[in-house]
Amino acid sequence: MNNIENKWMRAAIPALLIHCSIGTVYCWSLLKGGIADYIGRPKGEVEWAFSIAIFFLGMSAAFAGRAVEKDIHKSSLIAAVCFAAGMAGTGFFIQQKSLIGIFLTYGVLMGIGCGIGYLSPVKTLMLWFKNNKGLATGIAVAGFGLAKVIASPIIEMLLGATNADGTLVDPTRLYKLFYILAVVYFIMMFMGHLLLKKPSDWVEVPVKMKKGENILDIFKNKTFIGIWLMFFINITCGLALISQEKDLLHFIGFGAVGVISSLTALFNASGRLGFASFGDRLKDRNTIYIWIFGLSIAATALTLLSNGINNAIAPLVIITLCVINAGYGGGFSSLPPLLADRFGMNSISTIHGLALSAWAFAGLSGNQLSAFIIAKTGSFNNVLYVVLALYSVALFISAFLLRKKPDDMNKTRHPA
């Protein structure tokens with residue numbers, strides 16, 4: 001009983017507290033229009049704050065992997081401070097109408113807090129849930145997806161009524177919102193920081209690199225490269241639609257944006273838990289990515305074959321958003337156990353962090369790709385065509401380049 005209690009109190013609950021906070025970064029589509037209106041800058045310029053945040057999220061995870069490996073407790077505290085300070089700073093610079101300030105706080109500071117916070121509980125969860133690593137990481141990153149489910153209606157409530165053109169009746173509510181969220185999320189993340197702890201029977205073995213070896217040599221490993229590319233494509237496609245979700249729903253004439261935003265976020269969270277848990281039952285965890293890409297391709301193709309995005313097939317568009325959100329989330333939760341299967345547990349935080357660098361570059365390519373296509377062609381359908389092509393490439397990588405062979409573990413295990 002004590003072991004079960006520790007498993008939840010020392011791993012699952014703190015992971016949810018941390019991830020349910022930092023996952024609010026995905027509420028950006030609800031905020032970007034109001035920020036652009038308030039500071040008097042084009043929405044396309046403001047959009048870069050989200051891209052910068054995702055870039056620093058991925059890169060901070062990549063470079064902080066070893067530090068997290070050594071001290072998860074200190075790392076989780078740093079994450080709490082950076083994320084809350086970035087949130088409060090964003091409110092301040094919105095108030096000052098400074099786009100550069102928003103880039104530095106929402107983009108850089110919150111991004112760093114997200115990256116370190118994302119990584120901190122993952123290894124701890126897999127150590128507590130040794131026989132169900134997928135379930136463990138699913139619990140953690142499901143919190144990241146649930147953040148949007150929980151926060152979306154709260155954000156809409158705190159922002160208050162809007163005018164006929166969609167602008168806020170009381171624009172000052174926008175920056176006040178960030179101050180409130182900064183306090184709430186710091187409390188949640190600090191509680192998670194206090195509770196998070198590795199199992200007492202786990203002995204951390206310092207990794208000794210051989211002469212001439214470098215942890216970045218992992219990028220020469222074909223299996224790692226394939227996983228990195230597959231992960232990058234899945235995030236790029238997901239962000240291309242998630243970042244445009246609000247505008248897309250307005251385009252098809254669907255007014256209940258907050259409800260659908262919560263619904264897609266619920267699928268995102270469910271996909272994180274469901275796909276990763278399903279992966280625990282498979283002989284080769286890579287198979288879960290074949291499912292993810294296959295379902296995403298089917299939903300996207302069906303929407304395009306049904307005359308594309310228009311009012312007549314609004315339910316189908318919403319279903320496609322839900323499917324892609326589920327696969328997007330499942331790709332995140334299935335990554336750490338897949339890496340653990342291929343490379344072992346000893347340096348999983350470091351290798352997982354390096355893999356998350358794909359998230360950093362996808363943060364620059366995903367929403368900017370869709371924004372560029374829409375700006376140039378004015379068509380959401382063209383976004384879907386590009387997404388369909390990218391998913392097909394990812395499916396090819398997963399199905400033909402990452403299939404597990406009997407001697408894979410001997411060939412792919414890295415000294416790090």
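Mentor: Let us begin with accessibility, where buried means under 20% relative accessible area, exposed means over 50%, and partly exposed lies in between, with a 1.4 Å probe and protein chains only. Please keep in mind that this is a predicted model, in which local features need pLDDT of at least 70 and side-chain atom pairs count only at pLDDT 80 or more, while totals for chains, interfaces and linings use all residues. Residues are numbered from 1 along each chain as its sequence is written, and side-chain values use heavy atoms, with hydrogens and water left out.

Trainee: What makes the pair of Phe278 and Trp291 edge-to-face?

Mentor: A pair of aromatic rings is described by the distance of the centres and the angle of the planes. Rings of Phe, Tyr and Trp (for Trp the six-membered ring) pair if their centres lie within 6.5 Å, and planes under 30 degrees apart count as stacked, over 60 as edge-to-face and the rest as tilted. The centres of Phe278 and Trp291 are 6.1 Å apart and their planes stand at 80 degrees, so the pair is edge-to-face. Phe278 lies in helix H12 (residues 257–279) and Trp291 in helix H13 (residues 287–305), so the pair ties together parts that are 13 residues apart in sequence. Trp291, with a relative accessible area of 45%, is partly exposed.

Trainee: What are these helices, and how are they numbered?

Mentor: Helices (H or I, at least four residues) are DSSP runs, as are strands (E, at least two), and they are numbered from the N terminus.

Trainee: How many aromatic pairs does the ring rule give, and why is the pair of Phe186 and Phe190 given its class?

Mentor: The count comes to 30 aromatic pairs. For Phe186 and Phe190 the ring centres are 5.8 Å apart and the planes lie at 20 degrees, so this pair is stacked. Both residues belong to helix H9 (residues 172–195), where they are four residues apart, about one turn of the helix. Phe186 has 32% relative accessibility and counts as partly exposed, and Phe190, at 31%, counts as partly exposed.

Trainee: Is Ser357 buried or exposed, and how do you know?

Mentor: Ser357, which is found in helix H16, has 6% relative accessibility and therefore counts as buried. Leaving aside neighbours within four places in sequence, Ser357 is in contact (heavy atoms within 4.5 Å) with Gly58, Met59, Ala62, Phe219 and Trp228.

Trainee: What makes H16 oblique to H17?

Mentor: Axes are lines fitted to C-alpha atoms, for helices over the stretch in contact, and angles run from 0 to 180 degrees between N-to-C directions. Angles under 35 degrees count as roughly parallel, over 145 as roughly antiparallel, 65 to 115 as roughly perpendicular and the rest as oblique. The axes of H16 (residues 357–377) and H17 (residues 380–401) come within 8 Å and cross at roughly 140 degrees. That makes H16 oblique to H17.

Trainee: Which class do H10 and H17 fall into, and why?

Mentor: H10 and H17 pack at an angle of about 160 degrees, with their axes 9 Å apart, and they are therefore roughly antiparallel to each other. Their crossing is left-handed, the word used if the near helix is turned anticlockwise from the far one by less than a right angle, whereas clockwise gives right-handed. The crossing of H16 and H17 is right-handed.

Trainee: Where does Val203 lie, and what makes it exposed?

Mentor: Val203 lies in the loop between H9 and helix H10 (222–242), and its relative accessible area of 61% is the reason why it is called exposed. Val203 and Thr236 are 33 residues apart in sequence and 37 Å apart in space, C-alpha to C-alpha.

Trainee: What is noted about the phi of Lys97?

Mentor: Most residues other than glycine have a negative phi. Lys97 has a positive phi of about 60 degrees although it is not a glycine, and it is found in the loop between helix H5 (72–95) and H6.
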